Every structure is written in C-alpha cells, then in structure tokens.
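Work through the exercises below with the model open. Each task is followed by a stepwise solution.

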2 protein chains.
Amino acid sequence: MLSLSSRLVEKAVEQFATLPGIGRKTALRFVLQMLRRDKEDVETFLEAIRQLKESIRECARCHNISDGERCDICSDPKRDDTTICVVENIQDVISIESTGQFKGVYHVLGGVISPMDGVGPSDLHIATLLQRVEAPATREVIFALGATIEGDTTAYYIYKKFPRREELVITTLAKGIAVGNDLEYIDELTLGRSIVNRIRFTL
Amino acid sequence: MLSLSSRLVEKAVEQFATLPGIGRKTALRFVLQMLRRDKEDVETFLEAIRQLKESIRECARCHNISDGERCDICSDPKRDDTTICVVENIQDVISIESTGQFKGVYHVLGGVISPMDGVGPSDLHIATLLQRVEAPATREVIFALGATIEGDTTAYYIYKKFPRREELVITTLAKGIAVGNDLEYIDELTLGRSIVNRIRFTL
C-alpha cells in the first residue's frame, strides 16, 4: 500500500487512478510530475480536458464526435458521401481513419444489439442510418462491426430493414488471417473462412 | 498514426500524452473515457489536480510535500523526532512510509550532488538539515540515499559537516540481497557486500 502523507496528493492520486488501466503507483507518478510542472503547463492540461468535455458535440449526421454541427469527416467535401461505413463507436472511426484506406463517410451506431447488456435496437442510432440509406445517393453500406455474435446480429437486424434497391450494395469487412500471422496460431474458424473466401493471388 | 477528426480530442490526447509513460493510444483511451463520464465526475477530476497544484506546500521543517505549514509526518506527535531519515525526494518518503517500518521523521534533500547534472550542495536542503542535526535532541541520522556514486558522495559530503557529538549516531541503509532473490542473479558487488556485512541468523 502506498502511504501518502498529504490529503491533496491522496485525492489527486485517487482521481488519476480512475483512468482506465491506471493503478495507484502510476497515478502517483502522474501526480509527482504534475507537482514538478509550471502552473501554466498544468492549466493547459486542465483546460484541454475541460474544453473537450464542454464543447464536444455529436455530429448531427453520423453521430461521430464533432467540434461543430457536423464532424470533420461529414463536412469534408473530398469524402465520398455515397459510401457509408457503419461502426459501433467513435473508437472504430479512429481505427479505420488511421488505416488511411477509406474515403467514404461513417455512421456510428453507439453500440451493438446485446440483450445480455440490455442494449436493444432502440438504444442505437439505427433510425438515422435508415434515413441516410433511403436517400437515393447512397450506393454502398459497409458493416464494419466486430466479428462477434452481437456484431453479426446487429448487422443482420439492420440489413433486414434496408430498402431493396438494385444499385445499393451491402458489404462487410473481409474476414481472414491477420497480416503477419503464422498459420499455426490461427483459430480454425478464421482459417476455414479464409480458405472459403479465398481471393485471387496478385503480386 | 492515430487519425483524430476533432481538434478538441486531438488537444486532449496531446495533453494526456504528456503524462509519463503515456503514448497517444493510451491517451486516446483516457479521452474516450472522459467523454463517457458525467460532467460532475470530470469536474471532480480536474478540481483534484487544480487543488493539488494550487494548495500544496513544502513542509517548513523537512521539505516534504505538505498541506499546511508542516507536513503530516512532522506534525504527528507519535513520530520520533530524534531520528531523522535523509532522503533524496518525496517519492522516497512515500516508499519508506509504505514499508511501515520507520517511525522517525524525514529530511528531503531535493536531489543528490551530481556535477554532471549541475547539482551542487547549495542546490540541496543541506543547511536546514545541519540546523536540525545540531539540535541536541537529535539522536540518529539515517542516510537513505540511493546506492549510487552520487548518493554516496552526497552522504559523505553531509556527514563531514555534522557536529561530532558522542550521542549522535549516523547510519545508512543495509545493503544486501533483495528479499526473494536467488543468489545466481545477484551482481557480485552486492553479493560481496552482503557477505562482508552478514548479520546474525534469526528465526
């Protein structure tokens, strides 16, 4: 047990320890570093978090986090509005954006259907997605949900509600072996799928 | 590279990434957790750090961090004022306090003599230590500095300035094998010292 002889330090350690994956020892390191910093430096730190909490909004179109009415992606004229990538949460947007491989727009559901966790379809941003998909401009919807029962259920539930339009293509993420993986460490289900869904070899 | 589509998030991530050992990925996890929290919850978090920075002081006697004029240890009547443990920094106070094995008081030097880092004796709280040691009530001074050249140099420098009083005992931390260590992994210097300074076997 860490024995701190100051209530102020104790409180700050307690607060830092509420961050995910941070224990009291690491929290104490944060606190000691804060004590060594300039006052303005700490003020900048606090201000960034306060601003974040006070000013961040939800994009009126895709439910991504946003600094304004629409998020940077939705308001970027270079993005392809006809392709909507459906994801579970904002972290997934960041992950896909970080690949640099997608130039369409997103729709953040805010979760997946999970009766175990009490999450039903009405808890998710499905109605606004259906509105967007019904617009004739929409050409493709990509389900980029986790390869879990909940992810599959959610995709299936939403898919059933989509309008049947010939030009509307519905896709999902390719499942297969991860880049850099040795075959012997891959689970049978994934390996099986990657054989069934094999793709043309290119150099 | 993490691609964040919000400047507010970007700024908050940048700030969390200034914490020791925290990269952008972990910083983003902190930010997303902050976004999920209640406003009051975030306010409590910010307030604890602001309070820490604004109100914390240095103990007028031992230079430990303190909520008031004197730190909790110095103002605790149950602590033994006659034994002063000399440490490098406040982190060392916390470490020793956490052992629960020491009931005396501390003196935080604020560093060790290190010409390489431009730290000389005048940069440390040595004068106030000498004042405390000169008080006849002081019976023992324990040098609890790191087992490094700088630690040894600092202890030697201060020791030479101590008054020669018969009742004044000067001690230092025992050096030896760590609890739980196998002999084969211990460096020769430490093992050698632990044989020379062997202690009586007790059950």
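**Exercise 1. Describe how α3(A) and α3 of chain B pack.**

Step 1. Two packed helices are described by the angle between their axes and the distance between those axes.
Step 2. For α3(A) and α3(B), residues 39-55 of chain B, the angle is about 175° and the axes are 11 Å apart. Axes are lines fitted to C-alpha atoms, for helices over the stretch in contact; angles run from 0 to 180 degrees between N-to-C directions. Helices (H or I, at least four residues) and strands (E, at least two) are DSSP runs, numbered from the N terminus.
Step 3. α3(A) is therefore roughly antiparallel to α3(B), the class for angles over 145 degrees; under 35 counts as roughly parallel, 65 to 115 as roughly perpendicular and the rest as oblique.
Step 4. α3(A) contributes A:K39, A:V42, A:L46, A:I49, A:R50 and A:K53, and α3(B) contributes B:K39, B:V42, B:L46, B:I49, B:R50 and B:K53. Contact means that C-beta atoms, placed from the backbone, lie within 7 Å.
Step 5. By class, this helix contact has 6 nonpolar, no polar and 6 charged residues. Ala, Val, Leu, Ile, Met, Phe, Trp, Tyr, Cys and Pro count as nonpolar, Asp, Glu, Lys and Arg as charged, and the others, Gly among them, as polar.

The model is predicted: local features need pLDDT of at least 70, side-chain atom pairs count only at pLDDT 80 or more, and totals for chains, interfaces and linings use all residues. Residues are numbered from 1 along each chain as its sequence is written, while chains are lettered from A and ligands numbered from 1 in the order in which they are written.

**Exercise 2. In what order do the 4 strands of the open sheet in chain B lie?**

Step 1. The order is β4-β3-β5-β6, with parallel pairing. Strands pair if DSSP finds at least two bridges between them.
Step 2. β4 (104-108) and β6 (169-172) of chain B are the edge strands, each pairing on one side only.
Step 3. The twist averages 25° from one strand to the next.
Step 4. Between β3(B), residues 80-87, and β5(B), residues 140-143, there are 4 bridges. B:V86 stands opposite B:F143.

How values were computed. Contact = placed C-beta atoms within 7 Å.
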